[in-house]
Structure formats: C-alpha cells, structure tokens
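Q: I have a protein model on the screen and would like to learn how to read it. Can we go through some features one by one?

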Amino acid sequence: MPRIMAIFNKLVRQKRRLIFSVVAVMLAASLIFGGGPQSLLAGAIAAALCVHIILLFPNQRRLCETTALGFWFAALLDLPIESLPVSTAAGAALFWTFLYGTWTERAGWHLASTSSSKAHIDLPADQVWSALIPGESHPDDYWSGTLVDFDHDSEDADTVYLRFDSKRAMPEEMTLTFLEREPNKFCRYYLERDGLCGFEDMTVTVSMREPDEGSCDVETTIEQLGISVGNALLYWFDNSYGDELGAFAERVQRHRAWSIREKNHTRPGQAAA
C-alpha cells in the first residue's frame, strides 16, 4: 500500500504535465479524426504513455508536453495521415528546442519567480527544523536523503557549503548563506547553485509555528531572479515549489508512522540490536 500511495502522489505532482499533454492530444485528434470517441481514445493513450514516461523514465518527462505539442502541430498542417509519425516527431523536436533549448539563455531572456506553500506536520518544530533546513543537523537527517555532507565557513558562521547527491560522478555543490535565523521558528537564506541552464540562485524563507504540542505549521516562500525560460517552464510543469513542502511533510510523517508501528511490534523484553 505505501508503494501504491507513493506512485499516486508522484503522478499527482505531475498533474499539470498530464493535463496539458492529454488536452493537447485530444485537440489534435479532434482536428484529424473529429470529436467524440476517437478524441477520448487518443487522450487515454496519451495519459497512459505519459504515466509510463513519468514513472519509468522521469528524466525524459519533458517528452510528454513536447510530443503532445508536436502532435497538435502536425494536426494543424493537415498532412496525409501516413505522415503523422514523422511530422509529430519533427514537431516534438521543434518544441523541445523552442521551450527548453539554451537559445533563450543566450538571448538574455530571464524571468522572476515567487512561490509559497504551507503544510501542517504532526511533528514538533525542532524535528521539522532539523529535517527541513540543510546544514542544521547531521546530513542523514535531511528529509530528501540527498545531502551528502556540508561544511561551515570558518570565517562566517552563517555560510554553509552543501554537497548533494546528483546521481552523477560528482555531487552538486551549493552555498547557503543565512540572512536571518531563529532556530525552530524562522529563517531566511540565500542558496546559490548550478541550475539546468546555467547558474541560478534563490532566496528561501521558512516560518514555523506550533499550534499545539507535537505538531507544526510550516510556510515556505521561494524567490528567484534571473531564472531561465526553460527552467521556469520545467518548474511549472513539475510544480516543484508548490509540492516540495508537501512531499517533505508526507515523507517525514510516513517515517514517523513507520517508527511507531515498529515500536508497537516489539515484544516486551526484546532488546534492540
């Protein structure tokens, strides 16, 4: 059951990508075959293919929206139906380059982005702080499990050098600088890192409040300046900022529930290894 819920939640976080792709394919199918069952069948096939890509090939998830747009573009051309596979592939390549290519970066096109999210977590604020704020506890305590290690600057106590697992040969390095910090209650920090299309940075604000003992309300705000067009679009489809806090809440509370169940299953007198 937990595995099924994890898959379901992963797909929910990709709802923007799924809805966009399915709608684009259904519109294209209605242009080619007419509305009705054919359009619905095309949408169902698109949904199944997108789910397959998201779950098995997550690094290629941009194929969902670019292929859907390629199919829609091919439908607009009103070419013979035999040419649809080739024209769809060509359109997908065109939209991949247009949406996610580095040409906007070279042209100097950048956007600003601000995202806020809230979550209620059934854990005390000190535990949430340790798991959510990188560099404030042991690397293994960080919620995502991707923090390899960190070092505090010897001359500036508010600067922390972080290294995250990037699934590549070398870890991804980031520099965190606290602008304000009140442990277990509030912090605002500046995070510098290498983005997908060049250098990006962000300002993160985290506020915590304990409405009652053993629980915590958390609110985060992420601000970015100079974000590339491709990254802004990717973050929107992934709903990265809106769902990251939800993913954190889900993971730490699932771990807490697992720990409690394990404790309840321990027989009296059984010693820990």
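Q: Where is serine 215 found?
A: This is a predicted model, and in it serine 215 sits in the loop between β6 (198–209) and β7 (216–228).

Q: Is serine 215 buried or exposed?
A: A residue counts as buried when its relative accessible area is under 20%. Serine 215 has 3% relative accessibility, so it is buried.

Q: Which residues is serine 215 in contact with, leaving aside its neighbours within four places in sequence?
A: Once those neighbours are set aside, serine 215 is in contact with His120, Ile121, Asp122, Leu123, Pro124, Arg209 and Glu210. There is also a polar contact of 2.4 Å between the side chains of serine 215 and aspartate 212.

Q: How do I read glycine 36: where is its place?
A: Glycine 36 belongs to the loop between α2 and α3 (37–56). Glycine 36 has a relative accessible area of 36%, so it is partly exposed.

Q: What should I know about nonpolar side chains in general?
A: In soluble globular proteins, they tend to be buried together. Here the largest nonpolar core has 29 residues, and Leu162, Val206, Met208 and Val218 have the most contacts inside it. At least two residues of this core come from each of β1 (110–121), α7 (125–132), β2 (147–152), β3 (159–164), β4 (172–182), β5 (186–195), β6 and β7. The element that gives the most is α7, with five residues. Another core lies apart from it and has eleven residues, including Ala24, Ala28, Ala42 and Ala75.

Q: Which residues form a nonpolar patch on the surface?
A: The patch is formed by Ile19, Val23, Leu27, Leu31, Trp72 and Leu76, which together have about 560 Å² of accessible area. Both α2 (15–33) and α4 (62–77) supply at least two of its residues. The largest share, four residues, comes from α2.

Q: Why does isoleucine 19 count as exposed?
A: The cut-off for exposed is over 50% relative accessible area. Isoleucine 19 lies in helix α2. It counts as exposed because its relative accessible area is 55%.

Definitions and conventions
Residues numbered from 1 in each chain as written. Predicted model: local features only at pLDDT ≥ 70, side-chain atom pairs only at ≥ 80, totals over all residues. Heavy atoms only, no water. Patch = residues over 30% accessible without salt bridge, like charges linked within 9 Å, V, L, I, M, F, W, Y side chains within 5 Å. Areas by Shrake-Rupley, 256 points an atom, 1.4 Å probe, with all protein chains shown as cover. Salt bridge = Lys/Arg side-chain N within 4 Å of Asp/Glu carboxyl O. Buried < 20%, exposed > 50% of the residue type's maximum accessible area, 1.4 Å probe, protein only. Polar contact = N/O pair within 3.5 Å; in protein donor to acceptor, adjacent residues only side chain to side chain. Contact = heavy atoms within 4.5 Å. Core = buried A, V, L, I, M, F, W, Y, C linked by side-chain atoms within 4.5 Å.
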